Amino acid sequence: MRILVTGGTGYIGSHTCVQLLERGDDVIIIDNLCNSEASVVDSLEKITGRRPVFYEADIRDREALDRIFSAYDPEVVIHFAGLKAVGESVSKPLEYYENNISGTLTLLEVMRAHDCRKMVFSSSATVYGTPASVPIREEFPTGGTTNPYGTTKLFLERILTDLTVSDPRWSVALLRYFNPIGAHQSGLIGDDPTGIPNNLMPYVTRVAKGTLPVLSVYGNDYPTHDGTGVRDYIHVEDLAAGHVAVLPCMKTPGVHIYNLGTGVGYSVLDIINAFERSTGVKIAYRITERRPGDIAECWSDPSRAAKELGWKAERTLEDMCRSAWNFEKSKA
Ligand code: NAD
Ligand code: UFG
C-alpha cells in the first residue's frame, strides 16, 4: 500500500514505519522535526534495507501537503503528528489546539481534495478521563480530560467521527494507546525526548545512565497495591503492530475504535523493580508529592482488538525494560 505517515520520524511513528517497510508498503513520511531528528530516516534504512520518502514539512502547510498528495497519491494516512507533553499543554493551550487540531483539519481537507478518505489516528487512553473502573473498555464514556493535550485527542475523535457521519466514504480508526515504552530491538530507534523527560521510562533510563541523579516517584498514597500509580505499559513494537493489524479494517467505512494495551497494570515501583531485575542496574529514587492531574490507575481491556484484529501485545515487561536500556546505552 501507499501510506502517508505524519510524525513518522517520532517515537511511535518510526517503529510503525519499520513494520510497514518490512512488509513492503511504500512509505511517505512527513514530519516538521519539532520533536525528532532527520537521522531517524537513516536508521529506518539501516534496520529495514529500504529508505522511506521523507519530507520535512508541517501538517499545517496546505501547499506542501497538496504537492505531496499530488506526487504520491497515498491510499491511507497514519496520523501520528502532534504535540504530546501534558504539562506543556497546560501552559501553551493555543499552541496545542493550533498544532493538533488546526493541523489535523488542514490534513483532512487536503485528503478530501485528493480523494483519500482513510485515516488511522493516534488517540490516547487519556480520552477516558478518570475512568469509573478498570479495565477500561472502548464503550466506556469519554470526556473529563484534565489538560489541553487530552482535550485535543477528545475533540479530534469527535471531529473524525462527525466526518464519517457526514460522508460514508470515510473510514477512520481511533487507536487509543495506553503507555508505550521500550525501543526497537536494534537499539537504533527509541524514545528520545529533548530536555528532561516527562514520562517514566525515559526518566528511569537516564537515571540508570547517570545523566539524571534520582527518579521522583509521584506519590505512594494512591489506592493501588503499593500506593504508586498503575499503568498499562505496552512495548512500542507491539503498539506499532497494532497499526498494521488495523489496516484491513480501513476497507470498511465508519469508525473503528480499539484500545491498544496489554490488559495488565504495573505500578511505578513494579517498573523500577523490573528494570533493576532485567538490566542489573540500580535506580535511585525518592517518593515525592503526587503529580497534579495524575490518576491512580489506568489499564485496558484489549479484547476487542484481539477478537476483531487478531492483535495482541506479546512482549514482556522485561523486554520493554531491556530494550529501553539498550537504546539509552547506544545513544551518543
Ligand atoms: P513524538 O513527539 O515522538 O512524535 C510526534 C512527531 O510529530 C514528532 O516527530 C514531531 O516532530 C511531529 N510533529 C508534531 N507536530 C507536527 C506538525 N505540525 N507537522 C509535522 N510534524 C509534526 O510522539 P509519539 O510518542 O511518537 O506520539 C505519536 C502520537 O501518538 C502523538 O499524536 C501522541 O499524542 C500520540 N500518543 C502518544 C502516547 C505516548 O505515550 N507516547 C500516548 C498516547 C498517544
Ligand atoms: N511517574 C513518576 N515519576 C516520573 C514520571 C512518571 O512517578 O518521573 C509516574 C506517574 O505519576 C504515573 C506513571 O509514572 O503514575 C506513568 O507516568 P507517565 O508520565 O509515563 O505516563 P502517563 O500515564 O501520565 O501518561 C501517558 C502519556 C499521555 C497519555 C497517557 C495515556 O504521557 O500522553 O499515557 O494513558 F495520554
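Helices (H or I, at least four residues) and strands (E, at least two) are DSSP runs, numbered from the N terminus. This is a predicted model, where local features need pLDDT of at least 70, side-chain atom pairs count only at pLDDT 80 or more, and totals for chains, interfaces and linings use all residues. Residues are numbered from 1 along each chain as its sequence is written, chains are lettered from A and ligands numbered from 1 in the order in which they are written, and side-chain values use heavy atoms, with hydrogens and water left out.

**View 1. Ligand 2 and the elements around it.**

View 2. Asp294 has a side-chain N or O atom 2.6 Å from an oxygen atom of ligand 2. For Arg291, the distance from a polar side-chain atom to a ligand oxygen is 2.8 Å, and for Asn179 it is 3.0 Å. On its own, ligand 2 exposes 690 Å², and the protein buries 88% of that (accessible areas come from the Shrake-Rupley method with a 1.4 Å probe; for residues, only the protein chains shown count as cover).

**View 3. Ligand 1 and its shell.** Here 27 residues surround the ligand, and the closest are Ile12, Asp31, Asn35, Ser36 and Tyr149. The side chain of Ser36 puts an N or O atom 2.7 Å from an oxygen atom of ligand 1. Lys84 has a polar side-chain atom 2.8 Å from a ligand oxygen, and Tyr149 also has a side-chain N or O atom 2.8 Å from one. The protein covers 95% of the 820 Å² of accessible area that ligand 1 has on its own. Helix H1 (11-22), strand E5 (118-124) and helix H6 (148-166) each give two or more residues to this shell, with the largest share, three residues, coming from E5. The class count is 11 nonpolar, 11 polar and five charged residues.

**View 4. The sheet of seven strands.** This open sheet runs E3-E2-E1-E4-E5-E6-E11, with parallel pairing (two strands pair if DSSP finds at least two bridges between them). Strand E3 (53-56) and strand E11 (254-260) are the edges, each pairing on one side only. Within the sheet, strand E1 (residues 2-6) and strand E2 (residues 26-31) pair over five bridges, and Thr6 stands opposite Ile30 in E2.

**View 5. The sheet of three strands.** The order is E12-E9-E14 in an open sheet with mixed pairing. Strand E12 (266-267) and strand E14 (297-298) each have a single partner strand, so one side of each is left without a neighbour in the sheet. Strand E9 (residues 230-231) runs parallel to E14, joined by two bridges. Val230 stands opposite Glu297 in E14.

Conventions. Near = heavy atom within 4 Å. Polar contact = N/O pair within 3.5 Å; in protein donor to acceptor, adjacent residues only side chain to side chain. Nonpolar A, V, L, I, M, F, W, Y, C, P; charged D, E, K, R; others polar.
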